[in-house]
Every structure is written in structure tokens, then in C-alpha cells.
Amino acid sequence: MCIRDRNSGYPNQPFFDCYFLDAQNGWVVGGARLKTTDGGETWVDKSPIHPGDWWAFSVFFFNKSIGFLSGNGKIYKTTNGGNSWYVVHQTLLYGHNIRSFDFIDSLKGWGAGGYLSLIHI
């Protein structure tokens, strides 16, 4: 389990993915986007990224600054630890959300999702 309800502050929100850089720094995403810097004892709400965007399905960080997140048919990138995000890819069809990523470096990766979606990031 990624996070305990008693610490998340979001006991009724679904969470779809979590990613930890180390024992202290991590993210959990789903109906909210939460960040921890103390191993999950406390969580900071970093949602929504953009007005109208709510669901996030996958999250991945290379270090404390550079990370990617998918949701609402878009892939976002941050270079400042999630304080701000920008769109790096947007799918053309409704429901084609990227549900999983994998990267070989901070410039090259792949994402897979619903309706046989496969993209190169």
C-alpha cells in the first residue's frame, strides 16, 4: 500500500500510483496529487495541476526536481519538484489516458494506457 488513510487526509480518494525516490521523498496520485518529504508521515496537496484537471494515473521522478505525471489525456513534466507543471504530450482521443511510464533517461521514455495507447515521450 502506498499510503495510510490516517496520514493522507483523503480517506475516500482513489489512488492509482505512487513513486518514492528514497525512504523520505515520494508522490501518490489519483483523485489527488500528494507529495511527502518525511516518509509519508505528512502529505502536501499539489493538485490540481491546471484548473479543470483532476485525475492523475501515473507518476515518475528522476530526482527531487525532474518528474512526469499523466492524467486527463496529458503528460506533464516538472523541473522544480512539482511546484509547477507543463504539458509535454496530449492525446487526441478521449479516454486514451497514459497509465504507466518507463524511461531510459530524462529525455526519452514510453507510456502505455487505455485503448491500446502507446506513446514515445
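## Strand β2 and its partners

A hairpin of five residues connects β1 to β2. Strands here are DSSP E runs of at least two residues and helices are H or I runs of at least four, numbered from the N terminus. The model is predicted: local features need pLDDT of at least 70 and side-chain atom pairs count only at pLDDT 80 or more, while totals for chains, interfaces and linings use all residues. Residues are numbered from 1 along each chain as its sequence is written, and side-chain values use heavy atoms, with hydrogens and water left out.

Strand β1 (residues 15-20) pairs with β2 in the antiparallel sense, over five bridges; pairing requires at least two DSSP bridges between the strands. In this pair, Cys 18 stands opposite Val 28 of β2. Strand β3 (residues 33-36) also runs antiparallel to β2, joined by four bridges, with Lys 35 of β3 opposite Trp 27. The hairpin from β2 to β3 passes through two residues.

## Burial of β2

Five of the five residues of β2 are buried, so the strand is largely enclosed by the rest of the structure. Buried means under 20% relative accessible area, exposed over 50%, and partly exposed in between (1.4 Å probe, protein chains only). Both faces of β2 are covered, with Gly 26, Val 28 and Gly 30 buried on one side and Trp 27 and Val 29 buried on the other.

## Nonpolar cores

The largest nonpolar core has eight residues: Trp 27, Val 29, Ala 56, Val 59, Phe 61, Leu 69, Tyr 76 and Trp 85. Strands β2 (26-30) and β5 (58-61) are the elements that give two or more residues to this core. A second, separate core has six residues, among them Phe 60, Ile 75, Phe 101 and Phe 103. A nonpolar core is a set of buried Ala, Val, Leu, Ile, Met, Phe, Trp, Tyr and Cys residues joined through side-chain atoms within 4.5 Å.

## Whole chain

Of its 121 residues, 42% are buried. Among contacts (heavy atoms within 4.5 Å) with a separation of 6 or more, 32% are between residues 24 or more positions apart. The chain exposes about 6600 Å², of which carbon and sulfur atoms supply 54%, by the Shrake-Rupley method with a 1.4 Å probe.

## Confidence

Mean pLDDT (the predictor's confidence in each residue, from 0 to 100) is 78 for the chain, and 74% of the residues reach 70 or more. Confidence is lowest in helix α1 (residues 5-8), at a mean of 52, and highest in β5, at 92.
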